[in-house]
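Trainee: Please take me through one part of this model closely. Start with a single residue and its surroundings, then widen the view.

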Amino acid sequence: MGLIKDIYSLSFYENFGQAVAEVHPDFDKQKFINTIYKGDFLQKEWKERMKHTTAVLHQSMPENFTEAVSLIDKIIKNLKKNKFTEGNLAFIFFADYIEMYGLDDFKTSAKAFVSITQFISCEFAVRPFILKYKEKMIEEMVKWSLHENHHVRRLASEGSRPRLPWAMAIPFLKKDPASILPILENLKNDPSEYVRRSVANNLNDIAKDNPQLVLEIASKWKGNSKETDAIIKHGCRTLLKQGHPEILSHYGLESTNIELSHFEIKTPVVKIGEYLQFQFHLNNKNAEAKTIRLEYAVHYKKSKGHLAKKVFKISEKTYQPDQLIKVERNQSFKTITTRVFHIGIHQLSIIINGTESEALEFELIE
């Protein structure tokens with residue numbers, strides 16, 4: 001598999017440049033490509049290449065922003081005509097163009113987002129507009145949540161997430177998300193799973209700063225439909241991982257008379273690059289069947305010596321009375337870009353319906 005930055009290749013720019021030239025007579029395709037590759041382009045990472053493409057494209061676009069947006073619409077229509085795939089990540093520079101050059105033109109940019117997001121998602125690009133225009137932008141996004149196109153409806157939810165990963169946070173929404181609740185309300189029964197999953201992710205963001213509000217929404221939406229119930233469950237995943245008592249009670253997840261035994265770390269010394277192996281027994285000693293959410297927590301040693309817990313889900317299912325099971329798991333300590341491992345003593349615990357067991361120690365070595 002190639003690197004993500006390599007989606008911006010010479011063949012991509014050749015094909016894209018041709019699509020632009022067909023609708024923009026003043027466009028110099030070869031000059032565009034030469035300018036793209038001028039300097040240190042090959043050393044640039046993906047986001048740098050995307051931003052660079054935006055800037056170089058801007059040099060060939062009309063100075064008037066409204067005219068530029070109109071031309072972008074024509075380019076996208078031609079790309080579709082020439083069978084370029086909708087949702088192709090390479091074209092995210094269209095959204096970036098609106099963010100970079102349209103921030104002072106709210107009306108034109110809002111219309112542009114509706115059009116462009118039907119070709120490539122704009123959830124990152126709308127963030128500066130929310131920060132600058134606040135309620136005015138949110139009101140526009142509430143309208144988007146009623147749009148006939150599911151990409152536009154998803155943009156309303158995804159773009160308004162208080163804590164969208166890899167994007168700038170929206171502090172005023174983290175503090176008080178009340179203004180975006182109408183968006184979620186409009187979308188809670190959306191026919192598109194793509195949209196409903198975004199609603200769940202938005203709820204999960206809200207739960208990190210306003211858990212009580214999400215609990216109230218969960219109570220209000222419960223039983224509305226199986227799709228809405230799924231939104232609630234996914235939207236409350238952080239609260240479930242935290243063992244929040246009210247959400248555990250919401251799902252009837254109680255740990256009484258559920259017995260953990262034979263909890264053992266089979267590899268008390270683990271090398272970086274290998275696996276931690278552990279096992280345990282679980283027995284439902286209740287007189288009735290019980291739903292059991294089963295998780296484990298790795299308490300990773302950090303650079304300053306403290307431990308930081310990360311929870312991993314094993315399963316959530318119904319266990320019959322006196323049903324005894326044995327669980328065996330491997331936890332990878334292979335080097336990855338999103339986590340740095342530190343040698344020393346770590347801990348492992350089992351979590352049953354939010355109740356965490358006593359932790360066992362293991363050592364990570366080089």
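Mentor: Thr-108 is buried, because its relative accessible area is 15% and the cut-off for buried is under 20%. This is a predicted model, so read each value as computed from predicted coordinates. Thr-108 lies in helix 6, which covers residues 106-116. Set aside its neighbours within four places in sequence. Thr-108 then contacts Phe-65, Thr-66 and Val-69.

Now take a loop residue. Leu-89 sits between helix 4 (65-81) and helix 5 (93-101). Its relative accessibility is 33%, so Leu-89 counts as partly exposed. Again leave out neighbours within four places in sequence. Leu-89 touches Ile-4, Ile-7, Tyr-8, Trp-46 and Ile-120.

Next, a helix pair. Helix 1 (residues 10-21) packs against helix 2 (residues 29-37) at an angle of about 145°. Their axes are 9 Å apart. The crossing of helix 1 past helix 2 is right-handed. Helix 1 brings Leu-10, Tyr-13, Glu-14, Phe-16, Gly-17 and Gln-18 to the contact. Helix 2 brings Lys-29, Phe-32, Ile-33, Ile-36 and Tyr-37. By class, the residues of this contact are seven nonpolar, two polar and two charged. An α-helix has 3.6 residues a turn, so residues three or four places apart point the same way.

Last, helix 12, residues 193-209. Check its length. At 1.5 Å a residue, its 17 residues should span 24 Å. The end C-alpha atoms of helix 12 are 25 Å apart, which agrees. Then check burial. Of the 17 residues in helix 12, 12 are buried, so this helix is largely enclosed by the rest of the structure. The buried residues of helix 12 are Val-195, Arg-196, Ser-198, Val-199, Ala-200, Asn-201, Asn-202, Leu-203, Asn-204, Asp-205, Ile-206 and Ala-207. Finish at the start of helix 12. There, a side-chain oxygen of Ser-192 comes within 3.3 Å of the backbone nitrogen of Tyr-194.

Technical notes:
Residues are numbered from 1 along each chain as its sequence is written. This is a predicted model: local features need pLDDT of at least 70, side-chain atom pairs count only at pLDDT 80 or more; totals for chains, interfaces and linings use all residues. Side-chain values use heavy atoms; hydrogens and water are left out. Axes are lines fitted to C-alpha atoms, for helices over the stretch in contact, and angles run from 0 to 180 degrees between N-to-C directions. Helices (H or I, at least four residues) and strands (E, at least two) are DSSP runs, numbered from the N terminus. A crossing is left-handed if the near helix is turned anticlockwise from the far one by less than a right angle, and right-handed if clockwise. Contact means heavy atoms within 4.5 Å. Ala, Val, Leu, Ile, Met, Phe, Trp, Tyr, Cys and Pro count as nonpolar, Asp, Glu, Lys and Arg as charged, and the others, Gly among them, as polar. The expected span of a helix is 1.5 Å times one less than its number of residues. Buried means under 20% relative accessible area, exposed over 50%, partly exposed in between (1.4 Å probe, protein chains only). A polar contact is a pair of N or O atoms within 3.5 Å; within protein, one must be able to donate a hydrogen and the other to accept it, and residues adjacent in sequence count only if both atoms are side-chain atoms.
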